[in-house]
Amino acid sequence: MPVELNELRDQIDEVDQQMIDLLARRLGLVEKVGEVKSQYGLPIYVPEREAAMLASRREEAETKGVPAQLIEDILRRTMRESYTSEKDAGFKCLKPDLRTVVIIGGHGQLGSLFTRMFKLSGYQVEVIGRHDWDKADDLLAQAGMVVVTVPIHLTVEVIGKLDQLPEDCILCDLTSVKTKPLQAMLKAHEGPVVGLHPMFGPDIPSLAKQVIVYCDGRGKDQYQWLIDQLGIWGASLCAVDAESHDHGMTMIQALRHFTTYVYGLHLSKENPQLAKLLQLSSPIYRLELIMVGRLFGQDPNLYGDIIFSSEENTEMIKRFYQCFSDAMQVIENQDKKHFIESFSGVSQWFGEYSQQFMSESQNLLKHTSDTIPRR
C-alpha cells in the first residue's frame, strides 16, 4: 500500500474520532436540553426550530464546499437520536392533580408504549389486562382518565363495560377505527370523551414527528390538556371528525394492507428464492419487498381486524378489484396505447405531488442503498 495512502487514511481516522467526540458532546447537550424542556413543559419537537436550523446549516455547508444534502442527512439522523435522548429525561406533567390513569390493555405493545409515556410524565398509571377485571371496579372508580387499547373487535364490548366512571373522568381509546368506538364511549359515559388514533407502531423510539389523530367526542375543554401533553411528547396532532377519519383509513390502511397481503400471498404461491430477488433488486424494489415482508412479520389479527372492520372497507376493496380487472383486460388486449393514456391521466391527477414524491423517495432510496448488506 502506498505510504501516501496510509497517511491519508490515518488522517481520516483522526477526523472520524473527532466527529465521534463532537457527537458525544452534542448528545450530552441534548440531555440538558431535555431537562430544561421538561422543567418548562416545552415540546420535544419544534418544527420551526428544526427547519430554521437545517436551513442555516445547509447555507454554512455550501460556503465551505460541503454538499448541503450531506450535512442535512447527518443532522437529521443525529436529531432522530437526540429526540430519543430528550425523551429519556422525562416530560412536564400538565395535569399534576389528575387522578389515576387507567390503561385497559396496557400490557399490549401499544398500551405498554403509552403506559411508559404517561409514567415518564409523572402520572400514576394502573393497567387492566384481560385477567384483571376482578380489580377493575376499584381502579375505575378512582380514575381520572381511562384509555382503552384493545383489539378492534373487542373495543366496543370493552367500552360498554365502562358505564360507572366518575363524571369528570376522561374516556378515550387508541383504536384505528373511530366512528363506532366514539359512539360507544358517548353512550357509556356522560363525561369528557375523545378518540385517539396513533398512526405508528409500538416499536418507535420516540413520539417526535409521529402523527396522532384525535376525534372530538365531548368536553374538549376538559381533555385539552391531554392533547397538549401529546404535543409535548413530540407528536404531530391532526384533528378530524370520526367519519372522515374512517373514510381516510379505508384507503390508507385497509386497502393498502389488503393489496400488500395479496402481493405477499402471490409471492408465496410463486415461491421464488427471496435471496435471489434481493440480489437482483435495485433499492426501490428492495424497499417495496421489505414493506411486504414487514407486514407478514407482525400480528395477523391486527391486520385482519383493520381490513374486516367495516363494510366500507369491503366495498372499497371490491372497487379496487374491478379496477384491477379492467387494467388486466388492457394487458390481455395488448393495448399499449390505452395503458399510456390511462397512465398519463393518473399522472395528471397526482399533479405536483408526483415531483414531491419523487424527491422524498430519493432520500428514502439513498438510505436504503446505504444500509443494504453487501457480500
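## A tour of pockets, cavities and a helix pair

Begin with the second largest pocket, which has a volume of about 880 Å³. The model is a predicted one, and every stop below refers to that prediction.

**The pocket.** Select Arg26, Met53, Arg57, Leu75 and Thr78; of the 28 residues that line the second largest pocket, these are the closest to its centre. Next, colour helix H1 (3-40), helix H2 (47-63) and helix H3 (68-88), the elements that each give two or more residues to this lining. H1 supplies the largest share, nine residues. By class, the lining of the second largest pocket holds 17 nonpolar, two polar and nine charged residues.

**The domains.** Now colour the chain by its division into domain 1 (3-86), domain 2 (100-240) and domain 3 (245-370). The centres of domain 1 and domain 2, taken over C-alpha atoms, are separated by 36 Å. Where these two domains touch, nine residues of domain 1 are in contact with eight residues of domain 2.

**The largest cavity.** How many cavities of 30 Å³ or more does the structure hold? There are two. The largest cavity has a volume of about 50 Å³. To find this cavity, select Gly34, Lys37, Ser38, Gly90 and Phe91, which are the closest to its centre of the ten residues that line it. H1 again deserves attention here: that helix gives the most to the lining of the largest cavity, with three residues. The lining divides into four nonpolar, three polar and three charged residues.

**The second largest cavity.** Move on to Phe114, Phe118, Val147, Cys172, Leu174, Leu196, Leu226 and Leu230, which line the second largest cavity. The space inside the second largest cavity is about 30 Å³. Helix H4 (109-120) and helix H8 (220-232) are the elements that give two or more residues to this lining. The lining of the second largest cavity comprises eight nonpolar residues, with no polar and no charged ones.

**The helix pair.** Finally, display helix H6 (residues 152-160) together with helix H7 (residues 179-188). Their axes come within 9 Å and cross at roughly 5°. Angles under 35 degrees count as roughly parallel, and H6 is therefore roughly parallel to H7. Show the side chains on both helices: Thr155, Val156 and Ile159 of H6 make the contact with Lys180, Pro181, Ala184, Met185 and Ala188 of H7. Sorted by class, the contact of H6 with H7 has six nonpolar residues, one polar and one charged.

Methods
Residues are numbered from 1 along each chain as its sequence is written. This is a predicted model: local features need pLDDT of at least 70, side-chain atom pairs count only at pLDDT 80 or more; totals for chains, interfaces and linings use all residues. Side-chain values use heavy atoms; hydrogens and water are left out. Axes are lines fitted to C-alpha atoms, for helices over the stretch in contact, and angles run from 0 to 180 degrees between N-to-C directions. Helices (H or I, at least four residues) and strands (E, at least two) are DSSP runs, numbered from the N terminus. Angles under 35 degrees count as roughly parallel, over 145 as roughly antiparallel, 65 to 115 as roughly perpendicular and the rest as oblique. Contact means heavy atoms within 4.5 Å. Ala, Val, Leu, Ile, Met, Phe, Trp, Tyr, Cys and Pro count as nonpolar, Asp, Glu, Lys and Arg as charged, and the others, Gly among them, as polar. On a 1 Å grid over the protein atoms alone, a cavity is a set of points where a 1.4 Å probe fits but cannot get out, and a pocket is an open set with protein on both sides within 12 Å along at least five of seven lines; lining residues have an atom within 4 Å of a point. Grid points are joined across faces, edges and corners, and a volume is the space filled by probe spheres set on the points. Domain bounds come from an automatic or database domain assignment.
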